[in-house]
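Me: I would like to go through this two-chain model by question and answer. Please keep it brisk.

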Amino acid sequence: MKVTSGYQDGKLTLYLQGELDHHEASAALRRIGRTLDDYLPQDCVIDMDGLTFMDSSGIALILKISRLMEETGGRAWVANAKNQPLKVIDASGIDRMIKISTAAKQ
Amino acid sequence: MKQHNYIKLEFPARSVNEGFARAAAAAFAAQMDPTMEELGDIKTAVSEAVTNAIVHAYPDTVGPVQMRLRILDGNVLQITVRDRGRGIPDVKKAMEPMFSTGGEERSGMGFTIMGSFMDGLKVRSAVDRGTTVTMSKRIQVKANA
Ligand SMILES: Nc1ncnc2c1ncn2[C@@H]1O[C@H](COP(=O)(O)OP(=O)(O)OP(=O)(O)O)[C@@H](O)[C@H]1O
Ligand SMILES: [Mg+2]
């Protein structure tokens, strides 16, 4: 699991890569929390294009990022969800709490 | 019933083994010729069950986790994940969506995901004795295989 980020005009994009499970989640959350503190963005995009696997630990991570953003008056959403991670998102029903945009079909 | 292929694995309840358990399950299931989606479903369900054993079963110790995979008649994959940990006092309640004793690092969606990604899910548990999760999935047989 790798997290990289890019910032432009108040929008922070977090690029998740690899497999996101419980083993990876707490270190990822610490890194992401620091990045959010550094930029204090208005919007946070969780980009899942490079994510090959995610389980319910990823659902908790998305909800946590969303709460952190709300605390500072911003908002978060998911972009480029596809394949297995998208199926987990759909099964969890979190699209009722956070905007999920899916990857364009190739 | 004829005895088909199976594997049994045991590992300590350490989070580093979550990825290993998924990969081992996927490698075993490969002989059933699953689609990418079926393989993803199997890895997801294994990840949820094994993570539960690691996160919830042993609060103060690192106990053993057993995983068994077995091929049954009709191209059905059966997966059993067992721990000898603290058990679940009310299984029905634990299986409800959003129920969690795990705090905000958990979403309470593990059993819901196992149930929706597999065809069968059974949970047996006894307090201070441990928990056994049994899941099954029929792998579609492909034409011209
Ligand atoms: N092997 C186990 N041993 C003891 N308790 C368990 C075990 N598996 C599950 N539980 C209990 O059942 C609850 C629900 O489990 P479930 O996997 O659905 O959600 P979670 O693990 O809390 O969160 P998530 O899986 O979304 O990260 C857990 O919070 C825990 O209390
Ligand atoms: Mg769980």
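Me: Which strands of chain B does helix α2 lie across, and at what angle does the helix run to β5(B)?
Reply: In this predicted model, helix α2 (residues 36-57) of chain B lies across β1, β2, β3 and β5 (130-138) of chain B. Helices (H or I, at least four residues) and strands (E, at least two) are DSSP runs, numbered from the N terminus. Axes are lines fitted to C-alpha atoms, for helices over the stretch in contact (heavy atoms within 4.5 Å), and angles run from 0 to 180 degrees between N-to-C directions. To β5(B) the helix runs at about 175°.

Me: What ground rules apply to the numbering and the values?
Reply: Residues count from 1 along each chain as its sequence is written, chains are lettered from A and ligands numbered from 1 in the order in which they are written, and side-chain values use heavy atoms, without hydrogens and water. The model is predicted, so local features need pLDDT of at least 70 and side-chain atom pairs count only at pLDDT 80 or more, while totals for chains, interfaces and linings use all residues.

Me: Which strands stand at the edges of the chain B sheet, and why is one side of each left without a neighbour?
Reply: The sheet is open, with five strands and antiparallel pairing, in the order β1-β2-β3-β5-β4. Two strands pair if DSSP finds at least two bridges between them. Each edge strand has a single partner strand, so one side is left without a neighbour in the sheet; the two are β1 (6-12) and β4 (120-126) of chain B.

Me: Which residue takes a positive phi in the hairpin of β4(B) and β5(B)?
Reply: Seven bridges join these antiparallel strands. Ser125(B) has Thr131(B) as its bridge partner in β5(B). Three residues lie between the strands, and the one with a positive phi near 65° is Asp128(B).

Me: In chain A, what is the bridge partner of Glu19(A) in β3(A)?
Reply: The chain A sheet is open and mixed, with five strands in the order β1-β2-β3-β4-β5. Strand β2 (residues 11-20) of chain A pairs with β3(A) in the parallel sense over nine bridges. In β3(A), the partner of Glu19(A) is Phe53(A).

Me: How many residues apart are Asp43(A) and Arg75(A)?
Reply: Their side chains meet in a salt bridge at 3.3 Å, N to O. The rule asks for a side-chain nitrogen of Lys or Arg within 4 Å of a carboxyl oxygen of Asp or Glu. The pair links distant parts of the chain, strand β3 (residues 43-54) and strand β4 (residues 75-81) of chain A, and the separation is 32 residues.

Me: What area is buried between chain A and chain B?
Reply: The contact involves 17 residues of chain A and 25 residues of chain B. Buried area is the accessible area (1.4 Å probe) that two parts lose on being put together, summed over both. Carbon and sulfur atoms give 52% of the total, which is about 1,800 Å².

Me: In chain A, which residues lose the most area to chain B?
Reply: Together they account for 29% of what that side buries. The three are His22(A), Ser56(A) and Lys87(A).
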